[in-house]
Amino acid sequence: TIPCTIPCTIPKQWYQRRVRGSISSDSTEKTVMGAISNVQTKLSLIEPSDYTHIDTRLQAVLHKMDQLKAKAKDIPETNNKVTEVFDTVRKVEPVLTVLPDIVDRLTALKGLHEQAAQFASSLTTLETTQNNVTKNLANQSALLKKVEDHIAENLKLISENCSNVNSRIDAIAGKLPSKKK
């Protein structure tokens with residue numbers, strides 16, 4: 001016996017007849033009667049002892065067919081997915097002709113976009129620096145105002161102190177005897 005892919009065995013005698021071409025699946029007959037005659041010839045070559053083996057093989061084929069039918073239940077879902085992908089591709093198909101031009105434009109604009117991003121970053125840095133300078137100027141103005149106020153107070157105090165010193169000097173000078181030459 002010869003092993004086959006379906007779990008069964010084929011009699012060696014039947015296999016040899018098949019290999020020699022006595023049972024051929026190719027029909028060169030062009031008429032229905034010729035095809036029937038060809039099938040009858042092939043059937044006559046099958047021996048009754050081969051029937052059990054053929055039956056076993058057919059049962060295995062039927063089992064495989066049942067398995068395929070069970071798997072076929074999942075096919076509608078797969079077909080829906082395939083149809084959806086196909087529809088998407090069909091929608092995108094008109095864009096495919098323009099896609100190389102779009103890629104070329106994007107490549108050409110890449111440098112411009114990089115410069116724009118760098119400019120935006122520089123502008124943000126400049127705005128931050130300007131805000132810091134504005135805050136510093138406001139602080140400096142407030143400090144300058146305080147210093148001016150303190151200087152004005154100090155000048156007033158110095159002026160008062162000078163007036164007090166002058167009035168003391170005049171008071172002391174008025175008490176002193178005057179020298180005559």
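Predicted model: local features only at pLDDT ≥ 70, side-chain atom pairs only at ≥ 80, totals over all residues.
Which residues form a nonpolar patch on the surface? They are V92, V95, L96, V98, L99, I102, V103 and L106.

Start with the overall layout. The chain holds five helices and two strands. Read from the N terminus, the order is β-β-α-α-α-α-α. Of the 181 residues, 7% are buried. The accessible surface of the chain is about 16,000 Å². Carbon and sulfur atoms account for 61% of that surface. Contacts tell another part of the story. Take those between residues at least 6 apart in sequence: 39% of them join residues at least 24 apart.

Now follow helix α5. This helix spans residues 99-175 and has 77 residues. From first C-alpha to last, α5 reaches 110 Å. That is close to the 114 Å expected at 1.5 Å a residue. The helix also carries a kink of about 40°, centred on K110.

Back to the patch. Two helices, α4 (75-96) and α5, each supply at least two of its residues. The largest share comes from α5, with four residues. Why is V103 classed as partly exposed? Its relative accessible area is 42%. Buried means under 20% and exposed means over 50%, so a value in between counts as partly exposed. Patch membership asks for over 30% relative accessible area, and V103 has 42%.

Methods
Residues numbered from 1 in each chain as written. Heavy atoms only, no water. Patch = residues over 30% accessible without salt bridge, like charges linked within 9 Å, V, L, I, M, F, W, Y side chains within 5 Å. Areas by Shrake-Rupley, 256 points an atom, 1.4 Å probe, with all protein chains shown as cover. Salt bridge = Lys/Arg side-chain N within 4 Å of Asp/Glu carboxyl O. Buried < 20%, exposed > 50% of the residue type's maximum accessible area, 1.4 Å probe, protein only. Expected span 1.5 Å × (residues − 1). Bend = angle between axes of the 7 residues up to and from the residue. Contact = heavy atoms within 4.5 Å.
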